[in-house]
Every structure is written in C-alpha cells, then in structure tokens.
Amino acid sequence: MTDSDTALNDILSTAGMAPAPAGQVRITGEDPVLASNFRIGTAGAAVISATGLAAANLWEARTGRKQTVSIDVRRAAMAMRSDRFLYQNGKKMHAADPVSGIYQCRDGRWVQLHCNYPHHRARTVALLGADQTKESVAAAVAKWDALELETAVTEADSIAGMVRTPEEWAAHPQSAAVDGLPLFDITRIGDSAPEPLPAGDRPLGGIRVVDVTRVIAGPMCGRTLAEHGADVMRISGPDLAFNEALVVDTGYGKYAAEIDIASEPGKEIMRNLVRSSDVFSQGYRPGTIAGRGFSPEALAELRPGIVCLSLCAFSHAGPWRGKRGFDSIVQCCSGIVHEQSAGRAGTPQHLPAQVLDYVTGYLGAFGVMEALRRRAVDGGSYHVRVSLVQTAHWIKRLGRIAAEAGAMNLPDPTLEDVMELTMETKCGFGTIRHLAPAVTLSETPPFWSRPPVPLNTHQPVWPGR
C-alpha cells in the first residue's frame, strides 16, 4: 500500500467504513511533488479518491454497478492549489489582499494578518493606527509584541494568528481540544424514512445542495458535489464581501442566488428553499447560522432527511471554537508555518498550497455523500462536521518526507508546468483557464454542467427536476 492508500483507509475508517475494496481505487505516484516535507500530494490523493469512492458507492446504489476510481498524486497535489492556476483572459486572477501577510513584531516573533476582506482590513488597520499600505502596517506591527497583537486583533473582531512552534501549539488548550476529536464526524440527528436517490444519470443526479459558504473550503465542497452531478445553489448575502477569483474558481457547476437571512422575509425564502433540498452546507463560525434559525436540528425538523454540513476554522470544541480563521491563520497557529520555515532566513513561509482549505472541502463532500448513502438505506437526517484545524492535525499525523529527498528545493509549479491538467471555460467572467476535475471514475467521469456565474445571477428557487 502507498502512503495515500493508508491515508484513504484512515478516512474510510473514521466514517465507520471498511477499507477500499481491492482494485477499486488506484492511486499512482508519490510525494514529494511540492516544496515541502509535509505530504501534500498524499493527503490530496487520499481525500479526493475518497470523494470518488463515495460517488461510486452512490452510483452502485442507483444501478448495482461498481466502477473504479483513480488519481495521480501529482495531480492531487496541484488540486490543493487550484486557485494558483486560475487565469482570466490570459491574466492570472489573484485572491489575496496586498496588506495580508506575515509581519515581524517588536519581540522578534511573527504574526499573520488576514485582510482579504475590506471589513477585516479596515478593523485591523484602525487598531494599528496605520494606513492601508503594507509598509505602514509593517511599521505599526513592529510596535507590538506578537501575542499581544494576536489578542488585540481578535478582540477587534478581525483576524490574526501568531506563528507558533509545534511545541507551543501542542501546549495550547485549543490543540488539546482538537486532539480529542476525529478528523471529521457524521452524526444522525433525526429520524425519517429511507429516501431512494432521485432520478438521475450521474451519482448525485437530482440531489439539491444549498451552499451557504464562501472563500475556499466550503465552496470546494459544493463544487465537488456539482462535479458528480448535484444541483448546487450558492447563496450570498447582500452585505457579504466576496473575492471574485475565488467565486470563479469554486463556482463551477453552481447556480448563484442571494438571500438576506438576517431579515424575516429572507428567512422564509431560505426555509422554502430548504424544504425542497437534500443538503445544507454552511461555512461560518459555530453558532452563526444557527443564530439565524438554521441550526442542523432546526433544519432536520423543517426538512426531515436533510444532510447538514458545518465547516469552520478552529472546530466546534475548545476555547477557540469561535475564533475567526482561514487556512493561512491555522497554518501559523498550529506550528505548520514554523516547521515549513525551519532553517530558512527571512519571513516565515506558508505551505506551497492551501491544503487545509482544499482537504477540508473535499472531506466535507465525502461526508455529505456518505450521509446521503446512509439516508437512502436507513433514512434519517445527518450532520457532518469538519474544520481546518482538525485537517491540520491529520496532515501532521501523516508524517514527513525525509530531508534527504530534497523536497524543500523543488521548484514552484507554474501554469505552463500543469497545462495538461487544465481546461478552458467560457463564461460571464470571460475565458477562464483552470484545473479540470482531478479524479477519474470509469463509468461516470466527473464534470461541471454549467460555468461559474456572478453572485446573485439566479433566483433562490430550484428549477424543476
């Protein structure tokens, strides 16, 4: 067995499933692929093949026919950085704000500021007394100690993470809380009659997904469900900031509508949408969506048989359960950035992929598909929970590539290096060059049936089945 096979079976075991049947899943290649001693390709191949297997299981439930699943570790590693291979009309699309980054503090320690959304940037620069330039922010940060700044930014309802050593993170109470959690969980939260899969000629044909997420991890779950045939409706809000590059990269296969769930009319529109849906996916901090009346328990009462996905940064447990965070922040806090940067001078560096985001998104899709299979057999409503920090702990448990393999010296792949893995899509955003689906299924090849569209393009009503 390859490292990816072992990691795949760990995912299946966490879901209470048997190891992949002999010969059904084929993973080729091995790490290193990217410039890191972390097993990025291994993790990617394991989780993407898990989604392929879950789709194959649904296809078998529909037709009685098995199919094989295959993926290459190199291709999986590139899928962990899909946003870096996104080109619009020949020009690269960028997702990061120039103020975001890792800055050195007065005590010599480092802090990551996440300013990719205007309201977070405004809160952080106001706290610092800086203007909205990187140079001004760097000068202001240099007047703070790192832990003091992390705490102050968090209390200002913005986002920061101190670069901790692995040992510092292991001693943190949030790390201890996460160590008590599995990689993910799938829990039955209500009773309902078994629901055969709706009519469709693809594994998820006829399945309807309400996608209340943004950035990368949550939208990647919806994109993955769409590539296996689900109808996915991405819901934005009237006052929520979005990054266009990420809207494009995670928008394949989706409808896009807007609902103001802070208002009573908006809540009723959402309830009507949910009543005729199969999946409700949300990617906000614990309690945020529930506070609007859409907790998994409320949704299961509204629509018995619903599958709910909850995705967040720092998990549903521990003192940091309500802390804002993104992939870059979790990498800093959990010791990953410190380890990735060991022996290197200058500013600490993140992994060469937002692997926490992508793995977590694919894990969410796997959990949703397995829950739909259980619903078809046993009935019930289900709640799937994933988080970036649980993924971080799992990736660390996969081990490291030996230093003598020279992984840290590998070149950073460019679009030209991966052209054979890409495709072009013409849409309202222009001509988009992007990665194609990474997994291969022998009978139902994954594809997106519609191009990405701007937010609020559609009405929040499902088209007829």
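1. Helix α1 (residues 3–14) and helix α2 (residues 40–63) have axes that come within 8 Å and cross at roughly 50°. Axes here are lines fitted to C-alpha atoms, for helices over the stretch in contact, with angles from 0 to 180 degrees between N-to-C directions. The model is predicted: local features need pLDDT of at least 70, side-chain atom pairs count only at pLDDT 80 or more, and totals for chains, interfaces and linings use all residues. Residues are numbered from 1 along each chain as its sequence is written, and side-chain values use heavy atoms, without hydrogens and water.

2. α1 and α2 are therefore oblique to each other (under 35 degrees is roughly parallel, over 145 roughly antiparallel, 65 to 115 roughly perpendicular, the rest oblique). The crossing of α1 past α2 is right-handed.

3. In contact terms (heavy atoms within 4.5 Å), α1 brings D3, S4, A7, L8, I11 and L12 against G41, T42, A45, A46, V47, S49, A50 and L53 of α2. The α1 contact with α2 has nine nonpolar, four polar and one charged residues (Ala, Val, Leu, Ile, Met, Phe, Trp, Tyr, Cys and Pro are nonpolar; Asp, Glu, Lys and Arg charged; the others, Gly among them, polar).

4. α2 also meets helix α15 (residues 355–378), with axes that come within 9 Å and cross at roughly 20°. The two helices, α2 and α15, are therefore roughly parallel to each other.

5. From α2, the residues in this contact include V47, A50 and A54, and from α15 they include Y362, F366 and R373. By class, the contact of α2 with α15 has 16 nonpolar, two polar and one charged residues.

Conventions
Helices (H or I, at least four residues) and strands (E, at least two) are DSSP runs, numbered from the N terminus. A crossing is left-handed if the near helix is turned anticlockwise from the far one by less than a right angle, and right-handed if clockwise.
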